[in-house]
Amino acid sequence: MEGWIAIDTFLYPCISRKLEELNREIPETWNYSFLACFLKGFEGTPYLDANSKKFIRDTFSAFVLAGRDTTSTTLAWLFCDEKNWRIFTAEESRGLVYLHGAICETLRLFPALSWQLQTSAKPDVLPSGHHIGANTKVLLSYYAMGRMEALWGKDCLEFRPERWISKRGEIESVPSYKFPAFNAGPRSCLGKEMPFIQMKMVAASILFKYKVRVVEDHPISPDRSIIIQMTHGLKVRLSRRDF
């Protein structure tokens, strides 16, 4: 409850200010604000009525959670598996294919959002053949799916970026229903390419300049939360690479 109060205290004044600017038609204030562009896009729709602020609050809460914590969490788990990394050269960093595969492998084993809860609107049949009734809650564990031998083979518990790279040296395309780190089907994350770009830029910059070693005996365990962060964070030692 305290968390929602903090979110509401921050977001509602921001929304009110931008709605007021929209009503006053101040164009110069709309050029560099993501919130303003979002509100402008919904102008004249049923969503922006007298009761629209809660809809906007919920949408931007999702942006904050999905766009910030998930990216930083994935980077932490990525460097946790540093013992499997090869040394990247400047030439190799241009393609970033292996790094892309390593990020996918990190998301497979440690999906930032480790589970998803869905509720059926009407009776349905799951792909497994199981029948469910209306208003049935179905819990999907992405964490468990990423470690299923039936989906990923006998080496499902191994960190192997190579599994994402084809014989031609390109990234293998995997169906979202097998690799649902960004959800699947019509609910797939529209901006999933953005975190890949961000993570590759950050990870490549760090790995190119520094050697990363996890502090010996540092406890590493997942936190019990919607976003699967590290309970004690990730402590590492950085040393400059010699060129």
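Author: What follows takes several labels in turn and sets each value against its cut-off. The model is a predicted one.

Reader: Why is Cys104 called buried?

Author: Buried means under 20% relative accessible area. Cys104 has 5%, so the label applies. Cys156, with 6%, is buried because its value also falls under 20%.

Reader: How many disulfides does the structure have?

Author: The count is zero. To be counted, a pair of cysteine sulfur atoms must lie within 2.5 Å.

Reader: What makes H5 mostly covered?

Author: Twelve of the 13 residues of H5 are buried. Among them are Tyr98, Leu99, Cys104 and Leu109.

Reader: Why is the pair of Phe110 and Tyr143 called edge-to-face?

Author: The structure holds four aromatic pairs. In this one, the centres of Phe110 and Tyr143 are 6.5 Å apart and the planes make 65°. Phe110 lies in the loop between H5 and strand S1, and Tyr143 in helix H6, so the pair ties together parts that are 33 residues apart in sequence.

Reader: Why is the pair of Phe182 and Phe196 called tilted?

Author: Their planes are 40° apart, with 5.6 Å from centre to centre. Under 30 degrees would count as stacked and over 60 as edge-to-face, so 40° leaves tilted. Phe182 lies in the loop between helix H7 and helix H8, while Phe196 is in H8, so the pair ties together parts 14 residues apart in sequence. Phe182 is buried at 17%, and Phe196 is buried at 6%.

Reader: What makes the charged end of Arg147 sit over the ring of Phe110?

Author: The charged end of Arg147 is 5.0 Å from the ring centre of Phe110, and the distance cut-off is within 6 Å. The charged end of Lys178 sits over the ring of Trp152, 4.4 Å from its centre. Trp152 is also linked by ring pairs with Trp164 and Phe179 into a cluster.

Definitions and conventions:
Residues numbered from 1 in each chain as written. Predicted model: local features only at pLDDT ≥ 70, side-chain atom pairs only at ≥ 80, totals over all residues. Heavy atoms only, no water. Buried < 20%, exposed > 50% of the residue type's maximum accessible area, 1.4 Å probe, protein only. Helix = DSSP H or I, 4+ residues; strand = E, 2+ residues; numbered from the N terminus. Phe/Tyr/Trp six-rings, centres within 6.5 Å; stacked < 30°, edge-to-face > 60°. Lys NZ or Arg CZ within 6 Å of the ring centre and 35° of its normal.
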